[in-house]
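Here are my notes on this model, as numbered points. Please read them with the structure open.

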Amino acid sequence: MTDPFPPDVVAQIAHHMNGDHADDNVLIVRGLGGAAAATSARMSGMDADGMDFSAAINGVEVPIRIPFAERLTERRQVRAEAVRMYREACAALGVTPRH
């Protein structure tokens, strides 16, 4: 099986997440990553099983991994999984989702 997420694809997804969803990244690491004190977070990588973030907590960069609900096999699944993570994080934090 070919890796559905080679480095160039991961870089494109990270660029989108970090450029268009920086605030969502923070909510995800706060709500699902056990990093309630995170002040910023950027997607730093991913594979078929989860998304990796680098979160700033008390001025220190901390790696945080958020597992996907299931193993992803296609790029098109990433958007739905990112939305799921965002909505679950909002629910966990008691925040109304913006989208």
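1. Start with the contacts. Among those between residues at least 6 apart in sequence in the protein chain, 41% join residues at least 24 apart. Keep in mind that this is a predicted model.

2. Next, the element list. The protein chain has three helices and three strands. Along the sequence they follow the pattern α-α-β-β-β-α. The radius of gyration is 13 Å, close to the 13 Å from the globule rule for 99 residues, so the protein chain is as compact as a globular protein of that length.

3. Overall extent and surface. Along the principal axes, the C-alpha atoms of the protein chain fill a box of roughly 40 × 25 × 20 Å. The accessible surface of the protein chain is about 5,600 Å². Carbon and sulfur atoms account for 53% of that surface. Of the 99 residues, 39% are buried.

4. The sheet. In what order do the three strands lie in the open sheet? The order is β1-β2-β3, and the pairing is antiparallel. β1 (38-47) and β3 (60-67) are the edge strands, each pairing on one side only. From one strand to the next, the twist averages 25°.

5. The β1 to β2 pairing. How many bridges join β1 to β2? There are eight, and β2 covers residues 50-57. The two strands run antiparallel.

6. Geometry of α3. This helix has 18 residues. From first C-alpha to last, α3 reaches 27 Å, close to the 26 Å expected at 1.5 Å a residue. Which residue follows α3? Gly-94 does, with a positive phi near 70°.

7. The buried side of the account for α3. Which residues of α3 are buried? They are Gln-77, Val-78, Glu-81, Ala-82, Met-85, Tyr-86, Ala-89 and Cys-90. The buried residues of α3 pack against α1 and α2 (22-32), and also against β1, β2 and β3.

Definitions and conventions:
Residues are numbered from 1 along each chain as its sequence is written. This is a predicted model: local features need pLDDT of at least 70, side-chain atom pairs count only at pLDDT 80 or more; totals for chains, interfaces and linings use all residues. Side-chain values use heavy atoms; hydrogens and water are left out. Two strands pair if DSSP finds at least two bridges between them. Helices (H or I, at least four residues) and strands (E, at least two) are DSSP runs, numbered from the N terminus. Axes are lines fitted to C-alpha atoms, for helices over the stretch in contact, and angles run from 0 to 180 degrees between N-to-C directions. The radius of gyration is taken over C-alpha atoms; the globule rule is 2.2 Å times the number of residues to the power 0.38. Buried means under 20% relative accessible area, exposed over 50%, partly exposed in between (1.4 Å probe, protein chains only). Contact means heavy atoms within 4.5 Å. Accessible areas come from the Shrake-Rupley method with a 1.4 Å probe; for residues, only the protein chains shown count as cover. The expected span of a helix is 1.5 Å times one less than its number of residues.
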